[in-house]
Amino acid sequence: MSDSLVVCEVDPELKEKLRKFRFRKETDNAAIIMKVDKDRQMVVLEEEFQNISPEELKMELPERQPRLQARTTDDVCRE
């Protein structure tokens with residue numbers, strides 16, 4: 001059996017936004033927060049952040065509601 005189980009789809013607009021996010025030129029910390037829309041059975045964009053620290057992002061996420069995140073960080077090696 002090579003059939004695959006599709007639990008939910010990804011919103012086409014979100015796919016495009018994630019593609020642009022992946023190849024963006026900026027070097028600041030950024031994040032895209034996504035959630036599953038149960039009614040449409042689709043992963044959708046919830047919020048976008050620019051220049052946000054990992055600690056600030058943690059505070060923005062709900063404690064008891066699952067979220068997906070894509071983020072970039074500007075890590076600098078300090079000796």
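This is a predicted model: local features need pLDDT of at least 70, side-chain atom pairs count only at pLDDT 80 or more; totals for chains, interfaces and linings use all residues.
In strand 4, Thr 72 is the bridge partner of Ala 30. On another side, Ala 30 stands opposite Gln 50 in strand 3.

Take strand 3 next. Strand 2 covers residues 30–37 and strand 3 covers residues 42–50. The two pair in the antiparallel sense, over 8 bridges. They form a hairpin, with 4 residues between the strands. Look at Gln 41 in that turn: its phi is positive, about 50°.

Now turn to strand 4, residues 68–72. Strand 2 and strand 4 also run antiparallel, joined by 5 bridges. In a regular strand, side chains alternate between the two faces of the sheet.

Step back to the whole chain. It holds 2 helices and 4 strands. Along the sequence they follow the pattern β-α-β-β-α-β. Of the contacts with a separation of 6 or more, 52% link residues 24 or more positions apart.

What are the overall dimensions? The C-alpha trace spans about 55 × 30 × 25 Å along its principal axes. The radius of gyration is 15 Å, whereas a compact globule of 79 residues would have one near 12 Å. Buried residues make up 22% of the 79.

Last, the surface and the charges. The chain exposes about 7,000 Å², and carbon and sulfur atoms supply 48% of that area. There are 15 positive and 19 negative side chains. The centres of these two sets lie 2 Å apart.

Methods. Residues are numbered from 1 along each chain as its sequence is written. Side-chain values use heavy atoms; hydrogens and water are left out. Two strands pair if DSSP finds at least two bridges between them. The radius of gyration is taken over C-alpha atoms; the globule rule is 2.2 Å times the number of residues to the power 0.38. Buried means under 20% relative accessible area, exposed over 50%, partly exposed in between (1.4 Å probe, protein chains only). Contact means heavy atoms within 4.5 Å. Accessible areas come from the Shrake-Rupley method with a 1.4 Å probe; for residues, only the protein chains shown count as cover. Lys and Arg count as positive and Asp and Glu as negative; His and the chain ends are not counted. The place of a charge is taken as NZ of Lys, CZ of Arg, CG of Asp or CD of Glu.
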